Amino acid sequence: MNARKTTLARPADKRARTLVTPEGLVLPLVLAARAPRAAALMIDVMIVVFSLVIFQLLVVWVAGGLLDGTALDPAGMSGGALEFLGIVMALFVFCTWYGYFLVQELGPRGATLGKRMVGIRIAARRGARLTPEAVIARNLLRDIEIFYPIVALITLTIMAQQGQEIGILSAILTIWFALFLLFPFFNRDALRAGDIVAGTWVVERPKAQLASVLSVQGAAAGASNVTGVRYAFGEAELSVYGEKELQTLERVLRDSPAEALAATHKAICRKIGWEPGAGDERAFLEAFYAQLRARLEADMRFGKRKADKFS
Amino acid sequence: MKAPVISSWFGRGAVAAPPDIESAALRSDRFRLEREGDWRRLEAIVARMERGGLRRIADDDLIALPALYRTAASSLAVARETSLDAATLAYLEALVQRAWFQVYGPRYGFVRWLRGFFLGGWSRAVRALWLDICIALFVMVAGTIVGWLLVAEDEAWYYRLFPAGIGEARVPGASREQLLRSLAHDEGAAGLAGFAAQLFSNNSAVCILAFALGFAFGIPSLLLLVHNMALLGAMLWLFDGQGLVVELAAWLSVHGTTELFGILLSGAAGLHIGRAMAFPGPAAVLDAAAAAGRRAAVVMVGVVIMMVVAALLEAFPRQLVEDTGSRFVIGGTMLTFWLAYFCLYRPALQGLEDGG
């Protein structure tokens, strides 16, 4: 039963990787799932498209001003001014499209606005240093991975709807492009083609606040506030549970409602052979947690570890 | 007591002053309480670095960062062996990871990288691709010859390569005068700047495509090169029929020496990645592809710059300069410049660059 538990990995475990820092410390890393990555890309594309549309409207508005200046006579418009607007537009589109991703992913957060919103960032594989070359490489490939496939598919659909003959070549081309689009589904690390070429992957950004110290609160340090009882557990009672149960208890104490506390209290009392009372569950659990942890940590210092209640 | 200072840095009222260290019954909690101040200081520094700009961080903090990072890392190593407090372990893991990204993050931003790129990084990357450039050059020459031979064999190929638009003068059977007129400059400079901007977007898109297609073992990149050069071969054949091949070459050379060089480099960059994936050598396929991809990416940034230059040349000098000799001089100068920059410009490595 034990063995099966460890082999049946949860989805999050499948995405767990490790990173070895230059100090030789192994850090856990969680790869980003595909759905948040797609969502991040959509947010980014929407931001870029919206800013381009707004810019375009601005340019049209300026051009409208030019038209007004010539008393609404298009022939009298200055060719140079219009041309200048055209150049500004073309350069703006190019710089926005590539610059948006490049500059942000090279920044200290390693993420575009969309990636930040869904809580992911890019990193070099295997704990290497992220370089500007890698960021450039992964962004240059985005066009053939995402946009050419989508454009090809849409073109093909429209052609089919208009009853046009679809050549075998364009169908093959579309399938070929679609392969790029689906690339992250064909490898274990959910790498897209750009990630492979650049040597990067996308990971979740960890968010953890430092929680309070449990062992100095309430009955863990002394007597219960409610009843004034000082709970003390003997050797036999503390040897029932292991580290896994300790950490479950920690979670319960940190963020579970009162009903869960009562249920846990009852379960522990049954297990260690105490008569479960009522009304002072929190103090009981705090004291039990502190004493169980003290015992397990003392054993740990002598190299003795107890993974869970079965071991 | 450090606590009040720390919580004011943090800007969050939620951080309570840590309890008295002596009151902690557990040895592992005493360990945590003793080091908590350093951890929180590191967290505050990292948070400010993430928010952007090293400028807003005090010098003291910046100097302390590596030491604080190592403290947190060693705290984590010790805590893993002595503490069963899951929340503290999770916090430390997250903190060390965030700090690792800052301490071992990109060493410099885009602007600094661009400087190193112009001062040697670009030409070094191009030289590293010499074999791929030779292969791509061979393919391009072969493509031109194929284009010529195809059209010489059967004129119908010309229409297959260039689906003729209405009013297109450059078709088989056109007279010498019609062809010459297509090489002459347009009327004045009106519209040329816009033309240049359009050319640039178009050409750099083609180059990026050639590079990106290299991913499939480089074969699509080569096909793209062959196709583009076959067009050139067909065009050469057409003008040769009227004895205008020198004029055409001059007309093309103004921007073509830069543009074709750029296309050559992007094809070579694509091929470089494809070759690394097909023949990774002793490295793993993914590592070989990544190393090649980074080298090729540097070349590609250069190609985009070359396309800007080519578009400007195509729009202005080519349309404004009509004399065959002057056109050759401009094109030849550009070619010499690129060759000299890539082959002869070898500044010493300044130790800025990462090996890759």
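Helix 3 of chain B (residues 59–82) has 24 residues. From first C-alpha to last it reaches 34 Å, close to the 34 Å expected at 1.5 Å a residue; the expected span is 1.5 Å times one less than the number of residues. Helices (H or I, at least four residues) and strands (E, at least two) are DSSP runs, numbered from the N terminus. The model is predicted: local features need pLDDT of at least 70, side-chain atom pairs count only at pLDDT 80 or more, and totals for chains, interfaces and linings use all residues. Residues are numbered from 1 along each chain as its sequence is written, while chains are lettered from A and ligands numbered from 1 in the order in which they are written.

Helix 3 of chain B bends by about 45° at Leu65(B). The bend is the angle between axes fitted to the seven residues ending there and the seven starting there. Pro66(B) follows within four residues. Leu65(B) is also buried, as are Leu68(B) and Tyr69(B), among others. Buried means 20 or more other C-beta atoms within 10 Å of the residue's own, with C-beta atoms placed from the backbone. The buried residues pack against helix 2 (27–51) and helix 4 (86–103) of chain B.

Now the chain contact. 58 residues of chain A are in contact with 63 residues of chain B; contact means C-beta atoms, placed from the backbone, within 7 Å. Helix 4 of chain A supplies the largest share of the chain A side, 10 residues.

Last, the helix pair. The axes of helix 10 (residues 219–240) and helix 11 (residues 245–278) of chain B come within 9 Å and cross at roughly 170°. Axes are lines fitted to C-alpha atoms, for helices over the stretch in contact, and angles run from 0 to 180 degrees between N-to-C directions. Helix 10 of chain B is therefore roughly antiparallel to helix 11 of chain B, a term for angles over 145 degrees.

Terms used: Buried ≥ 20, exposed ≤ 12 C-beta atoms within 10 Å, placed from the backbone. Contact = placed C-beta atoms within 7 Å. Parallel < 35°, antiparallel > 145°, perpendicular 65-115°, else oblique.
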